[in-house]
Amino acid sequence: MNQKPPRPRWADTDWETLDPVIKGFKVPAALLCATPPQLDEWMSESLNRVVALLKEHTPVSRPSHHSKPWWTPHLSILRPEYHKAARTARKHDTPHMREIASTSKTGYFKAIKSAKNKHWSSFLLTATPQSLWTAKRFAYGRAQPRFPSLPGAETPRQMNDVLLDHFFPPKEPFSPPPRLRPHGSAPPLTTDEIATALSKCSPTSAPGPDGVPFSTWKQVNKINRSILLQILAPLVLLGYHPASLKGSNGVVLDKPGKPSYESPSSFRIIVLIRTISMILERIIAARLLAAARLRGLLHTNQCGSRPGLSTYDACLTLTNDVKTLQRPRLKVSSLFLDIKAGFDNVDNNTLARILREGGIPPYLVSWVSSFLGERSCTLVFQGAPGTPSPVNVGAPQGSPISPLLFLLYVAPLHFGIPRGLMISYVDDFALTVASLSYRGNIRRL
């Protein structure tokens, strides 16, 4: 089994040494009238300098499948003693040597059992609702991931291509503008917006290709609030999302309970995006939501991924309308629909047209088009080649702004129903109608 590469231990970063370095760090000025490749180069250089500085003061560990969180220094002493006694007993097969080996073995395995129990008790004492799944993994063990076995795909490269074609079918390519210029409609980015976005980012979220967690960016912003501001402000002003932030890792997971795993549909892909990109996405999502509300682009019956409108609101609205329609002794029927692969099938050009016609500021329209176009993904599964591939992902799942983009994309599907109701929760729709008979309801639906 190949040894995994070193992984930074971000919880042990030497912030005491980093503090004065971060305070004096300067981000190179961005060209405010540049071509996309020039801005991509500036972004990559600026981001790499910051990440390299952070990793320079962060120790690394070499994760192993044999690592045991319950292992103690005392066990490290007992283990060689046990093996030495066992070897001596095999070499000198006498009752005395066998008794010593047996005693050593009993003491070693009792110590292992004690260490496991102590670790488990310590974990339960400090457990939180967020650590529920970790507790389940400790109790039942980690399930072995199923290796995709797809017809016509014999090598990891072929399997990688089949999965990419299934989950990311080709779409019309996005053409960035030849030269980027500042948008007069773009309000300047503020440090308060960055702080608000960071406050909503969970420190336990899995990072993307760069491996930098949100907790590290929060500490960087706490020490020097100008770093993230100087990196992200030009992107907002120019309405552009650079290529260095579009790369992602696509973790291939099997769907439980499938009768067969010989089809790509038996798997799902969790897309992990760079954390600094998700900070910017939260900022743009807040601005886009405010603009969409101001211009009435979201239907009143759209719930989910909107502040103040949850699953409870959708259920309450549906039950209330059903009871209202039943009062005049009408028969009420509901049809529940799900948009298959809804996020993946968001068309960039159609969404841009909806936003432009809805009066969304040009810099937001430009940024959304740039964000959805020319993305890349590296699939992660057993034996994967590990090479980035260009993909057209629609609205990438895992992004903070994707649910809002999808709501805006499907808002035109909502329409009024006489003696009925249409309500949706992200990509789940419910059509409710009422008439004098259930047969009439079926015809109407």
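## Salt bridge between D19 and K23

D19 and K23 form a salt bridge, with their closest N and O atoms 3.2 Å apart; the term denotes a side-chain nitrogen of Lys or Arg within 4 Å of a carboxyl oxygen of Asp or Glu. This is a predicted model, in which local features need pLDDT of at least 70 and side-chain atom pairs count only at pLDDT 80 or more, while totals for chains, interfaces and linings use all residues. Residues are numbered from 1 along each chain as its sequence is written, and side-chain values use heavy atoms, with hydrogens and water left out.

Because D19 and K23 are 4 residues apart in helix 1 (residues 15-23), about one helical turn separates them. Helices (H or I, at least four residues) and strands (E, at least two) are DSSP runs, numbered from the N terminus. D19 is partly exposed at 24% relative accessible area, and K23 is exposed at 52%. Here buried means under 20% relative accessible area, exposed over 50%, and partly exposed in between (1.4 Å probe, protein chains only).

## Other salt bridges

The structure holds 7 salt bridges. One of them joins R9 and D12, whose closest N and O atoms lie 2.9 Å apart. R9 is partly exposed, at 35%, and D12 is also partly exposed, at 41%.

D93 and R98 form another, at 2.5 Å from N to O. D93 counts as exposed at 55% relative accessibility, whereas R98 counts as partly exposed at 43%.

## The surroundings of S399

S399 lies in the loop between strand 8 (389-391) and helix 14 (402-410). With a relative accessibility of 5%, S399 is buried. Leaving aside residues up to four places away in sequence, S399 touches I273, E281 and F371, where contact means heavy atoms within 4.5 Å.

The side chains of S399 and E281 are joined by a polar contact of 2.5 Å. A polar contact is a pair of N or O atoms within 3.5 Å; within protein, one must be able to donate a hydrogen and the other to accept it, and residues adjacent in sequence count only if both atoms are side-chain atoms.
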